Amino acid sequence: MQELVKKAQKGNVEAFLTLFQMYEEDIYRMAFIYVKNQSDALDVVQETAYRSFKTIKKLKEPKYFKTWLIRIAINCSLDLLKKQCKITHLHPGFEENIPEEIIEDIDLEVAVQDLIEYLNAEEKSVVILRFFEEFTFKEISETLEIPLGTAKTILYRALAKLRNNLRGGDVRE
Amino acid sequence: MSNKIKQEMTKIEIPKELSSRSLMGVNQAKGKFLFFIFLFILIPFSFYVYANIYDNYISWNNGYSTILAILIYLIVFIPLMAYVSEKLAKFSLKLGLDKRKNFIIFIAILITIPIIVTINDYREKDLDDVISFNSKDFEQLILGNAWTTDKKEHADELIDFLSQYRIKKMKDDEWNGDVSKEKGFSIDIYLKDKSLGASIYENRVWVYRSGKAYHVVNGPIDIDWIEKKVQEEFDELQW
């Protein structure tokens, strides 16, 4: 893969497309969670391809291509939401009383619709990266450019929301 | 839970056009690059053409009209060039200009054209190449602001005489404004829809419309012949 990245950085379109198409389905599914419809999700994929092709020369470490691409995809999704004024913000003070250990293995019957409906953009980012892309917290904090502790906090809050929702509680923001 | 979320997200259906949208994004990036290349070429080129048209064909140009012309250029022509650049970029992508080899050929052509134009500009040529006109459109010839004729034969004879001389373009800073030590005359030819004019000296020529100056390679030009010819015609009261 690193060879392909190097070729793409030299302007080889075929190499770039080969790389991009490895992740385009992931990007589409991630985008869908943010933007909630097919048309906008496809716009995000197109914009991600545009931005990533334009800036691939700036990628210093080819081995980080995936995380770099995912970050671009998340930024594209958030930018689209900003354009549509659909970004929701966190409740102040929600970060208090975060436990050290985060219990992630509860087998919740979570549906795509729950992710779309009950989580804000920031929480979606962390949940997607943790569970869909299976990133470590370190990778999540690097991708989203947030402190490690904040990444854990956000994940805990997102899981709490999903659990409460599935139990019938309502923690919607 | 991780499996559940992954499983659930994997259920999101992938539309058929996904790959084509990825490709569109890449083409968009390539198109943008080509767009700026075209814009970079078209803006100075269009300004050059626009300024020449304004200088040569707008008879009422003065300080205010120049400001107006610049404003029109900024408001109308720059957006127009951006629009044309975008169309050219899209067209170029269709032609395959995004491929490295084709792009190099394209850039080579772009560089070659101005080089050829410049070489042609500075090549040695006949004097009548720079003040040629279509005889059918001839209306009047004025020599030295004094001798006037509307006979086409006089103009043809003069041009024929001048055609024996070879000229070569000189750089702007080579032109010496002091012409007092040289014999010379001015020539103005009025045609149906335009006019030509030049100052012709023994060893150099200044063409008004283009603003270009030339050395006479096989000079000096026989100014006495012109004066003698004019005098003969004047004596016969034909001029």
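How many residues does the contact take from chain B, and how many from chain A? In this predicted model, 24 residues of chain B and 33 residues of chain A take part in the contact. On the side of chain B that touches chain A, helix H1 (2-10) and helix H2 (18-57) of chain B each provide at least two residues, and H2(B) gives the most, with ten residues. Sorted by class, the residues on this side of chain B comprise eleven nonpolar, five polar and eight charged. For the complex, the predictor reports an ipTM of 0.74 and a pTM of 0.55.

One residue of chain A that takes part in contacts with chain B is A:Gln46, which touches B:Arg21, B:Met24 and B:Gly25 when residues up to four places away in sequence are not counted. A:Gln46 is found in helix H3 (residues 38-55) of chain A, and because 22 other C-beta atoms lie within 10 Å, this residue is classed as buried, the cut-off being 20 or more. Within chain A, the C-alpha atom of A:Gln46 is separated by 9.6 Å from that of A:Tyr28, a residue 18 positions away along the chain.

The two chains are described in turn, beginning with chain A. The secondary structure of chain A consists of eight helices and zero strands, so that the pattern read along the sequence is α-α-α-α-α-α-α-α. Of the 173 residues in chain A, 39% are buried. Among the contacts in chain A with a separation of 6 or more, 67% are between residues 24 or more positions apart.

Two helix pairs of chain A, both involving H6(A), illustrate the packing. Helix H2 (residues 13-35) of chain A packs against helix H6 (residues 121-132) of chain A at an angle of about 155 degrees, and the axes of the two helices are 10 Å apart. Because this angle is over 145 degrees, H2(A) and H6(A) are roughly antiparallel to each other, and the crossing of H2(A) and H6(A) is right-handed. On the H2(A) side the contact involves A:Met30, A:Ile33 and A:Tyr34, which meet A:Ala121, A:Lys124, A:Ile128 and A:Phe132 of H6(A). By class, the contact of H2(A) with H6(A) contains six nonpolar residues, no polar residues and one charged residue.

H6(A) also packs against H7(A), where the axes come within 10 Å and cross at roughly 135 degrees; H6(A) is therefore oblique to H7(A). The crossing of H6(A) with H7(A) is right-handed. In this second pair, A:Ser125, A:Val126, A:Leu129 and A:Arg130 of H6(A) are in contact with A:Ile140, A:Thr143 and A:Leu144 of H7(A), and the residues of the contact divide into four nonpolar, two polar and one charged.

Most residues other than glycine have a negative phi.

Chain B contains both helices and strands, with six helices and eight strands in total. From the N terminus on, the elements of chain B follow the order α-α-α-α-β-β-β-α-β-β-β-β-β-α. Buried residues account for 16% of the 239 residues in chain B, and 62% of the contacts in chain B with a separation of 6 or more are between residues 24 or more positions apart. Chain B has an average pLDDT of 81, and 90% of the residues score at least 70. Confidence in chain B is lowest in H1(B), with a mean of 75, and highest in strand S4 (residues 166-170) of chain B, at 90. H1(B) is also among the elements that supply at least two residues of the side of chain B that touches chain A.

Notes: Residues are numbered from 1 along each chain as its sequence is written. Chains are lettered from A and ligands numbered from 1 in the order in which they are written. This is a predicted model: local features need pLDDT of at least 70, side-chain atom pairs count only at pLDDT 80 or more; totals for chains, interfaces and linings use all residues. Axes are lines fitted to C-alpha atoms, for helices over the stretch in contact, and angles run from 0 to 180 degrees between N-to-C directions. Helices (H or I, at least four residues) and strands (E, at least two) are DSSP runs, numbered from the N terminus. Angles under 35 degrees count as roughly parallel, over 145 as roughly antiparallel, 65 to 115 as roughly perpendicular and the rest as oblique. A crossing is left-handed if the near helix is turned anticlockwise from the far one by less than a right angle, and right-handed if clockwise. Two residues are in contact if their C-beta atoms, placed from the backbone, lie within 7 Å. Ala, Val, Leu, Ile, Met, Phe, Trp, Tyr, Cys and Pro count as nonpolar, Asp, Glu, Lys and Arg as charged, and the others, Gly among them, as polar. A residue is buried if 20 or more other C-beta atoms lie within 10 Å of its own, exposed if 12 or fewer, and partly exposed in between; C-beta atoms are placed from the backbone. pLDDT is the predictor's confidence in each residue, from 0 to 100.
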